[in-house]
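Please walk through this model step by step. Keep the sequence and the 3D view side by side.

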Amino acid sequence: MTESARKDQFDALVVGGGIAGLQSALDLADQGFSVGVLEKDASIGGKMIRLSKVFPTLDCASCITTPKMAAAAHHENITIFTDCDLKSLDRTDNELIAQVVQRPRYVDSAKCIGCRQCEYGCPVYVPDEEEGGFTLRKAVYIPFSNAIPQVATLDVEHCSLCGKCAKVCPTDAVDYFQQPRALTLTATTAVMATGFRLTPIHQKKEYGQGGVPNVITSLQMERLLAPHGPYQRVLRPSDGKEPESIAYVQCAGSRDKSLGISYCSRVCCMYAIKQAMLLSGSLPLADITIYYMDIRAFGKGYEQFFQNAKAMGIEFVKGKIASIAPATEQKVALKYEAQEEDGRLATREHDLVVLSLGIVPDWNPAGTCSLATGDDAFIRCSMPQIAPTLTNMAGVFVAGVAAGPKDIVDTITEAGAAAMEAANYLKSRSATKAA
Ligand SMILES: Cc1cc2nc3c(=O)[nH]c(=O)nc-3n(C[C@H](O)[C@H](O)[C@H](O)COP(=O)(O)OP(=O)(O)OC[C@H]3O[C@@H](n4cnc5c(N)ncnc54)[C@H](O)[C@@H]3O)c2cc1C
């Protein structure tokens, strides 16, 4: 650990504890630099820990993400701050100063042993967003089974203040009076790895604005496919029926000027193909159809992956979906332009429809720091061709989907590059100081 390593003073600050942030943090920490990782959620891991399996290898996402999360959490040079809101990030001549507010968990993380007694004792049930809203959790809970840290968190909005969690906690960790904590963290360099969220489902009127039963998002399907997911099998949410016919609507939130999102989100073709393959494994008799505008299988081995899906019997229909509406027997009616036939408008019904929603940035730097964003609202790279992790702020680098949509392979590569730029920056600063 370098001299600057104190609990509030680091060589590098990493904002975002998804796979990009964790990779950058590990690469810097392994070189001896002290790193503070700032995460807004109650656990690190980002979207990747919430996926089922990953294209193109179909490795279990949780099995390959958990070791990285644990490596970061146990690294002597890394300090992780969860539940944090970054209020400002300013540069002085020598350092970056981050003003942060850490939201209360209402559970003392130094005392909590992750035994879940509070969760078992809590009488309040709440829809579990971690499981796509398909199942329930308690008002006091550990976010998910392999969350890091394994510390319970109390959802004050739903807590009935019955006191049962505090009574059953063997270490007296529940603290109803915990207050937000203001932190001032300083560092010489920073990597912004704030990732993405999906295009809001309610934005498109033609697609039912989230109100058509049995129309779900691609991230919800990831949970249905996960071995430890809400039902442990794929069932239709409205009535628990095993779907016999499943459809994917591609470009449901990208390449769509009416939503202000004209770019391609790059991963949707591949994740839809992946999910379709996984579905044909778990529901061998189901018909699976992917409605697409173009298939973009851009990465190494991806075209073969697409061809394998076709060989497995997954149907690819070229046509933009014009509208989505409820049909009889809780089915969903898709109206589309049959481009490979005579271009006429056709309608087909499916038991379950998955929207391949687009990818938009999870964080907007405006009002927090002077980082510039591009027309697409992602953090702008100042030298995209030759140094794609450089931003307009000196000593601040960007990695992963924070800079624009990309898959895990490219995210990891970029996170390594950002760590290398940050390490070079740290070395050049210490050389300047020594001179
Ligand atoms: C449905 C779906 C399936 C996919 N399947 C695959 C696949 O099979 N294979 C593949 O290669 N890719 C896949 N991807 C893409 C993959 O999810 C991304 O490449 C990867 O998650 C990007 O990681 P990231 O760390 O950049 O972003 P994220 O995973 O979004 O992580 C960002 C982290 O930053 C945190 N954060 C955000 N703002 C702040 C802030 N202001 N302060 C502190 N923390 C903040 C977030 O809470 C989050 O933890 C899929 C994507 C989707 C939507």
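**From a loop to the ligand shell**

Glutamine 330 sits in the loop between E18 and E19. This is a predicted model. Glutamine 330 is not a glycine, yet its phi is positive, about 60°. It counts as partly exposed because it has 15 C-beta neighbours inside 10 Å.

Glutamate 329 is found in the loop between strand E18 (321–326) and strand E19 (332–337). Its phi is near 55°, again a positive value in a residue other than glycine. Is glutamate 329 buried or exposed? Glutamate 329 has 8 C-beta neighbours inside 10 Å, so it counts as exposed.

Next, the cis peptide bonds. One joins phenylalanine 55 and proline 56, with omega about -5°. Proline 56 has its place in the loop between strand E3 (53–54) and strand E4 (59–60). Another joins isoleucine 148 and proline 149, where omega is about 5°. Proline 149 lies in the loop between strand E10 (140–141) and strand E11 (153–154).

Now step back to the whole protein. It has 8 helices and 23 strands. Its radius of gyration is 23 Å, close to the 22 Å that the globule rule gives for 435 residues, so the protein is as compact as a globular protein of that length. The C-alpha trace spans about 75 × 60 × 35 Å along its principal axes. Buried residues make up 45% of the 435 residues. Take the contacts with a separation of 6 or more: residues 24 or more positions apart account for 68% of them.

How is the protein divided into domains? Domain 1 covers 9–102 + 180–195 + 362–434, domain 2 covers 104–178, and domain 3 covers 199–359. The C-alpha centres of domain 1 and domain 2 lie 28 Å apart. In the contact between these two domains, 13 residues of domain 1 meet 9 residues of domain 2. The side of domain 1 that touches domain 2 has 7 nonpolar, 5 polar and 1 charged residues.

The largest nonpolar core holds 123 residues, and Ala12, Leu13 and Val191 touch the most other members. H6 gives the most to this core, with 9 residues. Look at alanine 12 with its neighbours within four places in sequence left aside. Its contacts are Leu28, Phe33, Val35, Ala187, Thr189, Ala190, Val191 and Ala422.

Follow one of those partners, phenylalanine 33. Phenylalanine 33 is found in the loop between H1 and strand E2 (35–38). It has 26 other C-beta atoms within 10 Å, so it is buried. Phenylalanine 33 and alanine 423 are 390 residues apart in sequence, but 8.1 Å apart in space, C-alpha to C-alpha.

Finish at the ligand. It is surrounded by 39 residues, and the closest are Gly16, Gly18, Gly46, Gly195 and Gly400. By class, this shell has 20 nonpolar, 10 polar and 9 charged residues. Which elements each supply at least two residues of the shell? They include helix H1 (19–30), strand E6 (84–91), helix H5 (218–225), helix H6 (268–282) and helix H8 (408–434). Why does the ligand lie between domain 1 and domain 3? Both domains give residues to the shell around the ligand, so it lies between them.

Terms used: Residues numbered from 1 in each chain as written. Predicted model: local features only at pLDDT ≥ 70, side-chain atom pairs only at ≥ 80, totals over all residues. Near = placed C-beta within 6 Å. Helix = DSSP H or I, 4+ residues; strand = E, 2+ residues; numbered from the N terminus. Nonpolar A, V, L, I, M, F, W, Y, C, P; charged D, E, K, R; others polar. Domains from an automatic or database assignment. Rg over C-alpha atoms; globule rule 2.2 N^0.38 Å. Buried ≥ 20, exposed ≤ 12 C-beta atoms within 10 Å, placed from the backbone. Contact = placed C-beta atoms within 7 Å. Core = buried A, V, L, I, M, F, W, Y, C linked by C-beta atoms within 7 Å.
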